[in-house]
Amino acid sequence: MYFQGIIIAVATFLMIGLFHPIVIKSEYYWGVRCWPVFAIAGIVLLIGSLFISDILVAAIVGVTGCSALWSILEIFEQRERVRKGWFPMNPKRKKDYE
C-alpha cells in the first residue's frame, strides 16, 4: 500500500491547525504589520519545495508555504474579528482597532 496521500492529507490538516493559533497570536502581539513575515516564509517554502526531490517532503513543504501565504489573508480577517469583539484586543495596541 501507498500511504503518501494520507500522510499529505494529515500534514495539511496539521498545518492548518498549526497556523490558526499562530495567526491569532501574531495579530494580538504585532497586528497586521507582521504580514511580510508570512509572505517571505511562504515564498521561501514554495521555492524550496521546487528543489526537493522527495515527493512527500516537497508536498508537505509546499503545503506549509501555501498555509503561510493564506495566513496573510487571515491576519487581516483576524483584525476584523477582534474589532467585532470575537477575540480579545491587545490593550497596548488599542489605537490600531479604531
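**View 1. The aromatic cluster of the predicted model.** Y28, Y29 and W30 form one aromatic cluster in this predicted model. The structure holds 2 aromatic pairs. Y28 counts as partly exposed because its relative accessibility is 24%. Y29, at 46% relative accessibility, is likewise partly exposed, and W30 is partly exposed at 47%.

**View 2. The length of helix α1.** Helix α1 comprises the 27 residues 4-30. At 1.5 Å a residue, the helix should span 39 Å, and its end C-alpha atoms lie 37 Å apart, which agrees. G31 follows α1 and has a positive phi, near 75 degrees.

**View 3. The buried residues of helix α1.** Which residues of α1 are buried? They are A11, M15, F19, V23, S26 and E27.

**View 4. A nonpolar patch on the surface.** M1, F3, I6, I7, V10, F13 and L14 form a nonpolar patch on the surface. Together these residues have about 830 Å² of accessible area. L14, one of the residues of the patch, is found in helix α1. L14 counts as exposed because its relative accessibility is 52%, and the cut-off for exposed is over 50%.

Definitions and conventions:
Residues are numbered from 1 along each chain as its sequence is written. This is a predicted model: local features need pLDDT of at least 70, side-chain atom pairs count only at pLDDT 80 or more; totals for chains, interfaces and linings use all residues. Side-chain values use heavy atoms; hydrogens and water are left out. Helices (H or I, at least four residues) and strands (E, at least two) are DSSP runs, numbered from the N terminus. The expected span of a helix is 1.5 Å times one less than its number of residues. Buried means under 20% relative accessible area, exposed over 50%, partly exposed in between (1.4 Å probe, protein chains only). Patches are made of residues with over 30% relative accessible area and no salt bridge: like charges are joined within 9 Å, nonpolar side chains (Val, Leu, Ile, Met, Phe, Trp, Tyr) within 5 Å. Accessible areas come from the Shrake-Rupley method with a 1.4 Å probe; for residues, only the protein chains shown count as cover. A salt bridge is a side-chain nitrogen of Lys or Arg within 4 Å of a carboxyl oxygen of Asp or Glu. Rings of Phe, Tyr and Trp (its six-membered ring) pair if their centres lie within 6.5 Å; planes under 30 degrees apart count as stacked, over 60 as edge-to-face and the rest as tilted.
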